[in-house]
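Reader: I am new to reading structures. Please take a close look at one part of this one, and walk me through what its side chains do.

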Amino acid sequence: QVQLVESGGGLVQPGESLRLSCAASGSLSSINTMGWFRQAPGKQREFIAYMSSGGNTNYADSVKGRFTISRDVAKNTVYLQMNSLKPEDTAVYYCHRGQEELDGGVQHYWGQGTQVTVSS
């Protein structure tokens, strides 16, 4: 099993920044991706960004140029630096980890979510 613990959410004004963190622990595989999704009230969960264990990244168009994902491999932690926040960024942000297991299958894990509210 894998546990993901997020931190760093909060209330900010438009244009401000926040950094989210997600620490993974448990039965970790070296072949993995870690990333972030978000879900606003009344909407489906949507992809934000991910980074593979090889360092490849991908971002949703809505956050390109404003959000940056990074990883500390030694700490099994992924970060999401969010700049120039907008009210439409308000959502619960979820950490995700997908990893290849010993049997070759892929397992997906989710954090508990952290609230980000952007409001004046």
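Predicted model: local features only at pLDDT ≥ 70, side-chain atom pairs only at ≥ 80, totals over all residues.

Author: **Rings and charges**

Start with the count. The structure holds three aromatic pairs. One of them joins Phe-37 and Phe-47, whose ring centres are 5.7 Å apart. Their planes stand at 75 degrees, so this pair is edge-to-face. Now place the two rings. Phe-37 sits in strand 4, which covers residues 32–39. Phe-47 sits in strand 5, residues 46–52. They are ten residues apart, and the pair links distant parts of the chain.

Tyr-50 comes back here. Phe-47 and Tyr-50 also form an aromatic pair. Centre to centre, these rings are 6.1 Å apart. How exposed is Phe-47? Phe-47 is partly exposed, because its relative accessible area is 27%.

Step back to the group. Ring pairs join Phe-37, Phe-47, Tyr-50 and Trp-110 into a cluster.

A search of the whole structure finds four salt bridges. Take Glu-46 and Arg-38. Their side chains meet in a salt bridge, 2.6 Å from N to O. Arg-38 is buried, because its figure is 6%, and buried means under 20%.

The side chains of Arg-38 and Asp-89 meet in a salt bridge of 2.9 Å, N to O. Arg-38 lies in strand 4, while Asp-89 lies in the loop between strand 8 and strand 9, so the pair ties together parts 51 residues apart in sequence.

Asp-89 reaches Arg-66 too. In that salt bridge the closest N and O atoms are 2.7 Å apart. Arg-66 lies in the loop between strand 6 (57–59) and strand 7. Asp-89 is in the loop between strand 8 and strand 9, so this pair ties together parts that are 23 residues apart in sequence. Both Arg-66 and Asp-89 are buried. Bridges that share partners join Arg-38, Glu-46, Arg-66 and Asp-89 into one network.

Why does Asp-89 count as buried? Asp-89 is buried because its relative accessible area is 0%. What surrounds Asp-89? Leave aside its neighbours within four places in sequence. Asp-89 is then in contact with Arg-38, Arg-66, Phe-67, Ser-84, Val-116 and Val-118.

Ser-84 is on that list, and its backbone deserves a look. Phi of Ser-84 is near 50 degrees, a positive value in a residue other than glycine. Ser-84 lies in the loop between strand 8 and strand 9 (91–100). Asp-89 lies in the loop between strand 8 and strand 9 as well. Ser-84 is partly exposed, because its relative accessible area is 39%.

Asn-76 has a positive phi of about 50 degrees, although it is not a glycine. Its place is the loop between strand 7 (67–72) and strand 8 (77–82). Asn-76 counts as partly exposed, because its relative accessibility is 30%.

How values were computed. Residues numbered from 1 in each chain as written. Heavy atoms only, no water. Helix = DSSP H or I, 4+ residues; strand = E, 2+ residues; numbered from the N terminus. Buried < 20%, exposed > 50% of the residue type's maximum accessible area, 1.4 Å probe, protein only. Contact = heavy atoms within 4.5 Å. Phe/Tyr/Trp six-rings, centres within 6.5 Å; stacked < 30°, edge-to-face > 60°.
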